[in-house]
Amino acid sequence: MRITKNTIGSRILVSDLKRSYRAQSREIDKAVLRVLNSGWYILGYELEAFENEFARYNGSRYAVGVASGTEAIQLALMSLSIGRGDEVITAVNTAIPTAMAIISAGARPRFVDVDEGTANINTDALAEAITRRTKAIIPVHLYGNPCNIDEVLNVSRKHRIAVVEDCAQAHGAKYKNKMVGTFGDVGTYSFYPTKNLGCYGDGGAVVTDSKVLSKKIGLLRNYGQPTRYVCDIEGINSRLDEIQAAILRVKLQYLSRSIVRRIEIAALYEKCLKGISEIKCPSAAKNSRHSFHLYVIRCSRRNDLKESLAKNGIETQIHYPISLHLQKAFKHLGYGKGDFPVAEKLSREILSLPIFPELKDAEVIKICGYIAEFYKGI
Ligand SMILES: Cc1ncc(COP(=O)(O)O)c(C=O)c1O
């Protein structure tokens with residue numbers, strides 16, 4: 001059966017932001033107008049309220065709103081006094097901004113390969129990659145799937161180095177029944193529009209239990225100023241504005257529910273794709289809750305499948321087609337093809353299928369039908 005406008009709309013996107021906005025538009029419009037009418041747009045009531053609510057949601061003592069997930073990582077590293085001459089380790093298959101944030105802080109990224117089953121950092125390789133210059137590890141909870149944080153902490157404690165958890169894709173993900181981002185020294189979040197908790201612009205946050213770090217990040221995000229026109233330390237301008245904070249306060253109320261729906265969608269995909277031997281579905285690691293920011297399958301003939309789905313009106317994406325060590329921008333780090341074989345293999349096999357809370361069961365079933373048809377036809 002072909003998709004028509006009458007059945008489920010013209011095209012199914014990986015993340016349909018218009019549909020998500022429409023689901024809460026009344027409350028969001030009201031929140032935006034409240035800020036516009038307040039005459040106060042930066043560092044005000046909405047941000048403070050959101051920071052308290054987001055900290056509570058995560059079970060962390062403090063949250064500091066900043067301008068993006070990239071700067072959340074940069075500011076976390078700056079607050080830990082990590083910069084020039086230091087090395088910071090991260091997974092080689094993460095999003096480009098994880099590495100860019102390390103560079104913006106003045107440090108040098110060092111990459112580590114990942115586990116084939118989880119696509120998260122390989123902790124044996126991590127332990128081997130530590131040098132005397134290593135000052136921090138940035139484990140990434142990729143796609144919303146918590147990494148093996150216990151093992152990461154074992155390595156970090158042994159070498160007395162900091163842990164900054166990159167949770168940009170993992171709002172609401174849990175490890176051993178505790179939110180990710182609350183295990184290391186600091187957890188960082190992105191509120192880019194497509195994220196599990198997304199605003200309508202750029203935004204980010206840092207969560208921590210340390211009063212000292214939260215205060216320092218609060219200074220660093222605002223030119224190092226404790227009060228207006230007084231500067232204590234060198235900082236940057238990276239503030240989460242009042243309009244975005246007000247929008248996030250509305251969306252935060254729906255976050256738990258929307259993650260339950262993401263998990264339901266993932267379960268339906270798994271059920272419908274079970275019989276297709278060319279496909280491997282993602283699964284949560286032991287003792288953890290995958291929050292399914294992305295639904296990433298591994299498959300044979302990936303590019304042909306992608307093309308075939310596109311012809312049937314189904315958007316898919318690849319997160320990510322080129323591992324960081326093969327990106328032109330990071331050539332100076334001296335890596336080459338073959339250095340991280342697992343990540344390279346995954347980058348040829350992965351495909352992200354549509355997933356967002358408003359996606360209907362009928363749409364998931366339809367997508368799976370097209371996938372089954374594709375493999376039957378070859
Ligand atoms: C794993 C990861 N880290 C960091 C970021 C950066 O977040 P932002 O786009 O808000 O700067 C992203 C965003 O795509 C991400 O996916």
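Predicted model: local features only at pLDDT ≥ 70, side-chain atom pairs only at ≥ 80, totals over all residues.

Reader: How many salt bridges are counted between domain 1 and domain 2, and what makes a pair a salt bridge?

Author: The count between domain 1 and domain 2 is two salt bridges. The term requires a side-chain nitrogen of Lys or Arg within 4 Å of a carboxyl oxygen of Asp or Glu. Residues are numbered from 1 along each chain as its sequence is written, and side-chain values use heavy atoms, with hydrogens and water left out.

Reader: Where do domain 1 and domain 2 lie in the chain?

Author: Domain 1 comprises 5-15 + 255-376, and domain 2 comprises 23-250; such bounds come from an automatic or database domain assignment.

Reader: What is the area that domain 1 and domain 2 bury between them?

Author: The two domains bury about 3200 Å², 59% of it on carbon and sulfur atoms. Buried area is the accessible area (1.4 Å probe) that two parts lose on being put together, summed over both. Leu255, His293 and Leu324 supply 21% of the area that domain 1 buries against domain 2, more than any other three residues.

Reader: Why is the pair of Glu87 and Arg110 called a salt bridge?

Author: The closest N and O atoms of Glu87 and Arg110 are 3.9 Å apart, which is within 4 Å, and therefore the pair qualifies.

Reader: Why is Glu87 called buried, and what is Arg110 called?

Author: Buried means under 20% relative accessible area, exposed over 50%, and partly exposed in between (1.4 Å probe, protein chains only). Glu87 has a relative accessible area of 10%, so Glu87 is buried. Arg110 stands at 28% and therefore counts as partly exposed.

Reader: What makes Ser277 exposed?

Author: Ser277 has a relative accessible area of 69%, which is over 50%, so Ser277 is exposed.

Reader: How do you know that Arg19 and Glu363 form a salt bridge?

Author: The closest N and O atoms of Arg19 and Glu363 are 2.8 Å apart, so the pair falls within 4 Å. The pair ties together parts that are 344 residues apart in sequence. Glu363 has 0% relative accessibility and therefore counts as buried.

Note on methods: Helix = DSSP H or I, 4+ residues; strand = E, 2+ residues; numbered from the N terminus.
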